[in-house]
Amino acid sequence: MKVRIKFSKEGAMKFVGHLDIMRFFQKAVKRAGIDVAYSEGFSPHMIMSFAAPLGVGVTSTAEYFDMEIKSPMPSKEAVKRLNQTMVEGMEVLSFRKIPDGKANAAMALVAAADYQVRFREGMEPAADWKEKVHAFMEQPEIMILKKTKKNEKEVDLKPFIYEMSPQEDCVFLKLAAGSVKNTKPELVMEAFYKFCEKDFDSFSLMVHRAEVYADTGAEGSRNLISLENLGEDIE
């Protein structure tokens with residue numbers, strides 16, 4: 001049976017890298033007594049895969065990983081057991097079975113993500129930044145220099161920003177995600193600071209990921225659904 005676990009990563013845990021988070025959960029699953037499946041061969045390992053790992057320094061209430069279990073366990077019991085092994089800043093939010101037909105690896109499903117971006121005091125891009133968000137999005141294109149490991153090129157971010165709006169104390173972003181269209185909120189905010197004619201420093205931002213989505217729509221018709229809602233609780 002394939003299950004999908006949703007967890008939060010906050011506080012000091014935002015400084016822990018992806019590989020250490022993987023090792024942490026491998027130990028947590030063992031301590032929780034969950035009957036996890038292992039690969040075959042000379043060096044068996046837990047069958048576990050994470051969706052869209054976060055960069056260091058970003059908090060989240062929407063982290064996901066999939067794993068295979070040999071014996072079903074009620075979702076409430078699994079969440080309780082796992083949370084008994086968590087450290088401060090980590091909390092398991094759901095443990096759901098992935099029905100046949102929706103059991104693609106979480107990483108392959110990722111199509112979009114929600115973010116809340118807050119500014120450190122005195123480091124806002126402009127005094128009237130809320131009004132400027134609307135003007136920023138009204139541009140026909142949003143060009144930025146995107147750097148990769150191999151090169152750098154100018155790209156138009158506009159098609160990858162599904163939503164950008166000012167909220168009470170933050171900027172809300174719904175951005176394209178996944179291996180092909182992955183768009184980092186820091187890159188969007190760099191373009192926004194440039195639009196506001198202010199120098200950009202990533203330290204100015206406090207980024208929080210609020211949700212991760214799969215796209216269940218037909219070609220050219222987007223229908224985003226959270227990775228959590230693709231699964232169902234085990235009774």
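Is D35 buried, partly exposed or exposed? D35 counts as partly exposed, because its relative accessibility is 31%. The views below come from a predicted model.

**View 1. A salt bridge joins D35 and K70.** The N to O distance between these side chains is 3.9 Å. The pair links distant parts of the chain, 35 residues apart. D35 lies in the loop between α1 and β2 (48-51). K70 lies in the loop between β3 (59-68) and α2. K70 is exposed, as its relative accessible area is 58%.

**View 2. Helix α2 (residues 75-83) has buried residues.** They are S75, A78, V79 and L82. Seen down the axis of α2, these residues fall within an arc of 100°, so they line one face of the helix. K76 and K80, on the other side of α2, are exposed. The cover over the buried residues includes α1 (18-31), β4 (90-97) and β12 (232-233).

**View 3. E77 and R81 form a salt bridge.** Their closest N and O atoms are 2.9 Å apart. Both residues belong to helix α2 and sit 4 residues apart, so about one helical turn separates them. E77 is partly exposed at 31% relative accessibility. R81 is partly exposed too, with a relative accessible area of 29%.

**View 4. R23 pairs with D20 in a salt bridge.** Here the closest N and O atoms are 2.8 Å apart. The two residues are 3 apart in helix α1, which means about one helical turn lies between them. R23 is partly exposed at 44% relative accessibility. D20 is partly exposed at 43%.

How values were computed. Residues are numbered from 1 along each chain as its sequence is written. This is a predicted model: local features need pLDDT of at least 70, side-chain atom pairs count only at pLDDT 80 or more; totals for chains, interfaces and linings use all residues. Side-chain values use heavy atoms; hydrogens and water are left out. Buried means under 20% relative accessible area, exposed over 50%, partly exposed in between (1.4 Å probe, protein chains only). The arc is that of the directions from the helix axis to the C-beta atoms. Contact means heavy atoms within 4.5 Å. A salt bridge is a side-chain nitrogen of Lys or Arg within 4 Å of a carboxyl oxygen of Asp or Glu.
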